[in-house]
Amino acid sequence: MLHLHTRAVGAAAAASAALLIAGLTSSASAKTADVPAAPSAAQTLRADAAPAAVLNAMQRDLGLTRGQAERRLVNEAEAGATAGSLQLKLGSDFAGAWVNGADSATLTVATTDARDVSAIEARGAKAKVVGHTLAQLDAAKARLDRAAAKTNAKDAPVWYVDVRTNTVVIEAVRPAAARSLLSAAGVDASLAQVKTRTERPRTFYDLRGGDAYYINNSGRCSIGFPVTKGTQQGFATAGHCGGVGSSTSGSNRVAQGTFQGSTFPGRDIAWVATNSNWTATPYVNGSSAQVAGSTQAAVGASICRSGSTTGWHCGTIQQHNTSVTYQEGTVSGVTRTTVCAEPGDSGGSYISGSQAQGVTSGGSGDCRSGGETFYQPINPLLQAYGLTLKTTGGGGDNGGGGEQPGGTWAAGTVYKAGDTVTYGGSTYRCLQGHQAITGWEPSNVPALWQRV
C-alpha cells in the first residue's frame, strides 16, 4: 500500500522552499489579505510526494543528503516554471535552460541577445549569452535525423542538442563517421562538436526471463506507466519489447494483455491493453512511488528509474531531443540521462519527483560500473495513442476528451510549451509540457499556464 510520509516530506518541502535562490518562486504566489496565494510550482507538481524509495536512490546515486534531495525536487519544480516563463518572454532569442548544483539551486537561461540579461536576472536566474538560438540547434539536429535515415549511422550512434554548450553534439565510435554525418546533413561545423565514445548503445530487452511482464511467453520487459483509453486499462512501455498483437503475461505468468500499438525504430513507444484481471493504478512497479502528473523536467534535473532487473536508480537529465542508433535502427526524440540500466529494465518508468517522464529505451554500461540510458518521453507516447496517464495529481481523476465548459482547454490533452488555449473567457499559453488533468485548469496553476 501507499505510504507517503506526507507530514515529514511536506515539512521538508516547505522548509526547502525558503532556500530557493531569490526570484525563482512564482510571482503569482504572492498573497494579499483578501486574495489567497496561487499554488507554487512545487505545490502544483507535488514536489513533496516523492516516496522514500526515490529519495533513498537519489541519496545513493547522486551523493546527496536527505535534505538536499528534498530541496532539489522543490528547486527543480520552481526552476521549470521560471524557465518556461522566460522562454515565452525571450521569444526567438531563447537558447535553452538548465539547472545545476547539488540541490539544483542555480537556474541558467541562455539567450542570443545581451539585452535580455536584465530580464533573466530579474527572475533570479543566471544569464548566459550564446551564439545560437535553441530553434537553430533543433533545426540542425533535425537535419542530422534526416541524413541518418539515409545512411549508416552505427559508428556515430548518438547525437543531441546540448544547451549547456550551445551546440549539437555527435558522439562517435569513429570520428570520421561523425564528420560524414555532418557533411551529409549540411550542418555547419560552428554548430556542432564531435565527441568520442567507446560503447555502442543497446536496448535492454532480455530473453532470459524474470519478473515484470513476459512477451509471447519468452522475452521480458518492464511495465512503464499504467494508462487508460476510455474504459480500457493498460500500460505504456517500449516499442522494441513487442509488436502489435504480441501477448503478455504478468510476472506471475497469468495472462495479462496484448500490444495494441508499437513503433520501433524511429520512436520506441508501445502500449498494452490488459484484461479484466489487471487494474491500472497510479504507482510505479508496485512500489509506493505515486505519479501525480507528467510535467517535463529540465536539463540537469534529477531523474529516477525503476525496472524489473535493477530496481531504483537515479541520475540527472543530460539532454532532451537526442537521437540514438541501436543495432535495429535509429530512434529520435529520446532523452539522455546518467541513470544506469540492465537487460530486462526496458520499458520501465522514469520519474522526476512525482512527475512521470518516460519509459526506458536503451543505453550502455550497467549498474555495477555505471552507464547511460535513453528514455522515450511519456507525453508524446500518450499523445500518439490517445492514452490517459493514471495519476493521483491535480484535483481528481484525469478523464479526458472534449471541450470543457468555458474554453478549449481539455483534461486528458497533451500540451507542449507554447500551446495556447482558452479557459473561463481568457487565453493562456503553456509554460511546460504536460498532460492536462482535472485540477490543473489554466487559472489554477501558474506554474504550467500563463495568461496572455
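Predicted model: local features only at pLDDT ≥ 70, side-chain atom pairs only at ≥ 80, totals over all residues.
Ser426 lies in strand 24, which covers residues 426-430, and with a relative accessible area of 10% it is buried. If we set aside residues up to four places away in sequence, Ser426 touches Val421 and Arg451. Cys430, with a relative accessible area of 0%, is buried as well.

Let me move to the disulfides. A disulfide is a covalent bond between the sulfur atoms of two cysteines. How many does a search of the whole structure find? The search finds three, and if we number the bonded cysteines in sequence order, the pairing reads 1-2, 3-4, 5-6.

One of them joins Cys221 and Cys241, with the sulfur atoms 2.1 Å apart, and this link is left-handed, with -90° about the S-S bond. Here Cys221 sits in strand 9, while Cys241 sits in the loop between strand 11 and strand 12, 20 residues apart.

Another joins Cys304 and Cys314, and because the torsion about its S-S bond is about 100°, this disulfide is right-handed. Cys304 lies in strand 15 and Cys314 in strand 16, so the pair ties together parts that are 10 residues apart in sequence. Both Cys304 and Cys314 are buried.

Then there is the disulfide of Cys340 and Cys367, whose sulfur atoms are 2.0 Å apart. Are its two cysteines buried or exposed? Cys340 counts as buried at 9% relative accessibility, whereas Cys367, at 22%, counts as partly exposed, because the cut-off for buried is under 20%.

The largest nonpolar core has 47 residues, and Met58, Phe225, Tyr415 and Trp449 touch the most other members. Leaving out residues up to four places away in sequence, Met58 touches several residues, among them Leu64, Leu73, and the bonded pair Cys304 and Cys314.

I will end with Asp162, in strand 4, which is buried yet has no salt bridge. The nearest side chain of opposite charge, that of Arg164, is 4.1 Å away, although the backbone nitrogen of Arg164 lies 3.2 Å from a polar atom of the Asp162 side chain.

Methods. Residues numbered from 1 in each chain as written. Heavy atoms only, no water. Helix = DSSP H or I, 4+ residues; strand = E, 2+ residues; numbered from the N terminus. Buried < 20%, exposed > 50% of the residue type's maximum accessible area, 1.4 Å probe, protein only. Lys, Arg positive; Asp, Glu negative; His and termini not counted. Salt bridge = Lys/Arg side-chain N within 4 Å of Asp/Glu carboxyl O. Polar contact = N/O pair within 3.5 Å; in protein donor to acceptor, adjacent residues only side chain to side chain. Core = buried A, V, L, I, M, F, W, Y, C linked by side-chain atoms within 4.5 Å. Contact = heavy atoms within 4.5 Å. Disulfide = S-S within 2.5 Å.
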